[in-house]
Amino acid sequence: MNTRERHPSDLTDVKRPSPSRPGTGRRILRAVALAATVPYLGLKTVWVCGSHLGIPEGSVLREPGPFLIAANSVTLVMDACVILLVLVLTKPWGIRVPGPLLTVPVFVASGLLTPILLGFPGQLLVRTLGFGTEPAAGAAREPFLDPWVFHVVYTGFTVQGLALAALFVPYARKRWGRAWRGVTGERLPSSTGVVAAAAAAVGLTVAGVLAYWACGGPAGLGAERAAAYCADTAVVSAVHAVCALAAGAGALLLARGGTLRARWPLALAWIGAAATLSWGAWMMIASLGPQLDGGEGPTAPTLLIYAGQMITGLLTGTVLIRFLTTRRPG
């Protein structure tokens with residue numbers, strides 16, 4: 001018989017888990033990520049069907065108009081896409097999905113979930129320390145959703161974000177690991193440096209205004225929003241300020257090159273650009289519709305901040321793409 005005896009390392013290769021053949025840990029993460037979508041998908045589904053689950057008496061959500069129905073439908077589809085994304089990251093066929101079809105939704109998911117991953121635990125922490133919303137202030141507001149809804153939904157988003165990150169990193173390491181190996185290397189062209197400087201300048205301006213609002217500054221917010229200031233809103237503004245700073249810093253570090261490990265500026269640029277662009281665009285779109293709480297709409301300075309976030313994200317994304325292009329195999 002003309003057979004070849006297999007080397008032990010061949011058997012090891014067959015059994016070793018990979019992004020296309022997930023091991024036990026990745027299968028658990030997949031199950032956790034899928035389970036974390038259930039609360040939000042369930043609530044959105046019953047609301048679209050006309051249920052008032054979690055919506056108190058007197059809430060504007062009890063009488064949804066076309067805009068609210070459309071918004072619920074869109075966000076329902078967006079969270080359902082997380083299921084498809086999890087399958088792409090853990091199924092054998094996922095490694096063959098074209099890069100742009102994967103990186104765009106991952107970029108958006110990173111952007112929308114990162115501020116929640118930072119902000120929701122931050123809000124819980126400040127409440128634990130006794131700096132949360134004053135009971136009198138909360139009672140004076142119009143009812144919107146039952147408190148348990150926020151806890152259930154944002155806990156689900158937090159778990160989704162952590163599980164998706166844990167699934168995406170090994171997938172990306174196998175498929176695009178070359179991009180973050182080694183150091184940043186040579187300085188990018190001067191034109192890219194100008195874009196990076198612009199990203200840093202706009203990001204720093206946006207972060208400065210958001211930090212001012214986080215500290216209780218009322219200018220530019222409008223009377224109602226300034227009066228609604230509390231520790232929770234301060235945490236939200238602070239988190240978005242940090243994301244804008246991360247975007248600008250990541251762009252500068254990628255453009256200047258050097259001996260810094262590439263993974264760190266890449267992470268800053270990716271997370272910062274995704275968060276600023278995605279949330280800036282999301283809030284800008286939301287501002288075009290009716291105000292669900294019946295209050296005043298965003299002021300001109302607030303809209304400028306949303307635009308500034310989008311510009312920061314776009315500029316940093318341009319630098320990020322330019323850097324990754326230089327890392328492609330020759």
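**Fold and overall figures**

I began with the secondary structure, which in this protein comes to twelve helices and two strands. The model is a predicted one, and I read every entry here with that in mind. Following the sequence, I wrote down the pattern as α-α-α-α-α-α-α-β-α-α-α-β-α-α.

I then looked up the totals: the protein has 330 residues, of which 39% count as buried, and its accessible surface comes to about 17,600 Å², with 70% of that belonging to carbon and sulfur atoms. Among contacts with a separation of 6 or more, I found that 83% are between residues 24 or more positions apart.

**Nonpolar cores**

Next I asked which residues have the most contacts inside the largest nonpolar core. That core has 31 residues, and the ones with the most contacts in it are Leu 85, Leu 89, Leu 102 and Leu 164. Helix H3 (38–48), helix H4 (66–90), helix H5 (99–128) and helix H7 (147–176) each supply at least two residues of this core, and H7 gives the most, with nine residues.

**Helix H8**

I turned to helix H8, residues 190–214, which has 25 residues and reaches 35 Å from its first C-alpha to its last, close to the 36 Å expected at 1.5 Å a residue. I listed the buried residues of H8 as Thr 192, Ala 196, Ala 199, Ala 200, Gly 203, Val 206, Ala 207, Leu 210, Trp 213 and Ala 214, and these pack against helix H10 (231–256) and H12.

**Salt bridges**

How many salt bridges does a search of the whole structure find? The search finds two.

In one, the side chains of Arg 62 and Glu 57 meet at 3.3 Å, N to O. Glu 57 counts as exposed because its relative accessibility is 61%, whereas Arg 62, with a relative accessible area of 24%, is partly exposed.

In the other, Asp 232 pairs with Arg 127, the closest N and O atoms being 2.6 Å apart. This pair links distant parts of the chain, with Asp 232 in helix H10 and Arg 127 in helix H5, 105 residues apart. I checked the burial of both partners: Asp 232 counts as buried at 10% relative accessibility, while Arg 127, at 36%, counts as partly exposed.

**Thr 299**

My last entry concerns Thr 299, which I found in the loop between helix H11 (263–288) and helix H12 (300–326). Is Thr 299 buried or exposed? Its relative accessible area is 18%, and the cut-off for buried is under 20%, so Thr 299 counts as buried.

The side chain of Thr 299 is joined to that of Thr 302 by a polar contact of 2.9 Å. Leaving aside neighbours within four places in sequence, I found Thr 299 in contact with Gly 220, Leu 221 and Gly 222.

Key: Residues are numbered from 1 along each chain as its sequence is written. This is a predicted model: local features need pLDDT of at least 70, side-chain atom pairs count only at pLDDT 80 or more; totals for chains, interfaces and linings use all residues. Side-chain values use heavy atoms; hydrogens and water are left out. Helices (H or I, at least four residues) and strands (E, at least two) are DSSP runs, numbered from the N terminus. Buried means under 20% relative accessible area, exposed over 50%, partly exposed in between (1.4 Å probe, protein chains only). A polar contact is a pair of N or O atoms within 3.5 Å; within protein, one must be able to donate a hydrogen and the other to accept it, and residues adjacent in sequence count only if both atoms are side-chain atoms. Contact means heavy atoms within 4.5 Å. The expected span of a helix is 1.5 Å times one less than its number of residues. A nonpolar core is a set of buried Ala, Val, Leu, Ile, Met, Phe, Trp, Tyr and Cys residues joined through side-chain atoms within 4.5 Å. Accessible areas come from the Shrake-Rupley method with a 1.4 Å probe; for residues, only the protein chains shown count as cover. A salt bridge is a side-chain nitrogen of Lys or Arg within 4 Å of a carboxyl oxygen of Asp or Glu.
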